[in-house]
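I opened this notebook to keep track of what I looked up, entry by entry.

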Amino acid sequence: MNKYNFDLINEYCESKQIPIDDKKREGLSVFYEMLVEKNKVMNLTGITEWDDVVLRHFIDSLSLVEILDLSNFQGKVLDLGTGAGFPGMPLKILYPEVEFVLFDSLNKRIKFLDEVSTALSLDKISLVHGRAEEFARKPEHRENYDLVLSRAVANISTLSEYCLPFVKVGGSFVSYKTEAIDEELAVSGKAISLLGGKVENIVRFELPHSDMKRSLLVIKKEKACSKKYPRKAGVPSKEPLK
């Protein structure tokens with residue numbers, strides 16, 4: 001366990017009352033090593049130094065605790081557009097009892113995350129390859145998740161059209177954003193409402209020992225989403241709802 005410096009993540013977990021132990025630290029280090037190794041042959045992340053990954057990927061992913069304690073969470077969590085596994089994989093490693101589905105449109109990334117899941121002997125985790133516009137129409141996925149997370153880079157209108165159809169009525173969609181959210185949110189209100197959502201909270205904070213500003217946007221699903229959403233593949237990103 002001395003191969004990597006865990007001081008920052010230990011301090012963060014202690015300050016946020018996130019349960020961490022040697023097994024979880026080992027899980028994070030194995031994930032890191034597999035990420036860096038796979039990154040040599042496919043583009044997963046531009047951030048590869050341990051300390052940077054800890055802060056900008058691991059702690060950033062775990063910052064969900066700013067709005068929600070997963071320790072006793074009984075619902076099903078979907079990480080939509082998980083990419084290299086953020087925020088879903090660090091959250092899964094730290095909260096192994098929570099059921100997670102990690103979803104991405106690129107099969108190579110899903111295969112990599114399946115390798116990580118196997119190496120760490122994780123259970124209650126599913127890795128799904130597909131397009132959100134198609135899978136949101138499948139009965140086993142549509143309005144079937146208590147919590148949908150996305151750290152993907154897209155405007156709020158587009159992300160809402162991708163994510164809200166997966167959220168149960170009464171559940172929530174949480175978008176990981178940088179500080180610059182107000183202007184984007186100002187033109188997304190109608191789209192969020194059309195999709196059955198309502199902005200419930202915006203939590204702003206800085207990553208520890210840095211000046212990196214972050215926001216978590218919490219959208220509550222108040223009513224069922226019209227069957228016409230999401231629109232066909234590619235449309236939500238090209239023509240965001242207004």
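This is a predicted model: local features need pLDDT of at least 70, side-chain atom pairs count only at pLDDT 80 or more; totals for chains, interfaces and linings use all residues.

Which side chain meets that of Arg-131 in a salt bridge? I found that the partner of Arg-131 is Glu-133, at 3.4 Å from N to O; a salt bridge here is a side-chain nitrogen of Lys or Arg within 4 Å of a carboxyl oxygen of Asp or Glu. I noted Arg-131 as partly exposed, at a relative accessible area of 36%, whereas Glu-133 is buried at 5% (buried is under 20% relative accessible area, exposed over 50%, partly exposed in between, with a 1.4 Å probe and protein chains only).

Residues are numbered from 1 along each chain as its sequence is written, and side-chain values use heavy atoms, with hydrogens and water left out.

Searching the whole structure, I came to 15 salt bridges. One of them links Lys-3 with Glu-33 at 3.0 Å, N to O. Because Lys-3 lies in the segment before α1 (7–15) and Glu-33 in helix α2 (residues 22–39), this pair ties together parts that are 30 residues apart in sequence (helices are DSSP runs of H or I, at least four residues, numbered from the N terminus). Lys-3 is exposed at 65%, and Glu-33 is partly exposed at 33%.

My last entry concerns Arg-25 and Asp-22, whose side chains meet in a salt bridge of 3.0 Å, N to O. Both lie in helix α2, three residues apart, about one turn of the helix. Arg-25 is buried at 15%, while Asp-22 is partly exposed at 47%.

Key:
Helices (H or I, at least four residues) and strands (E, at least two) are DSSP runs, numbered from the N terminus.
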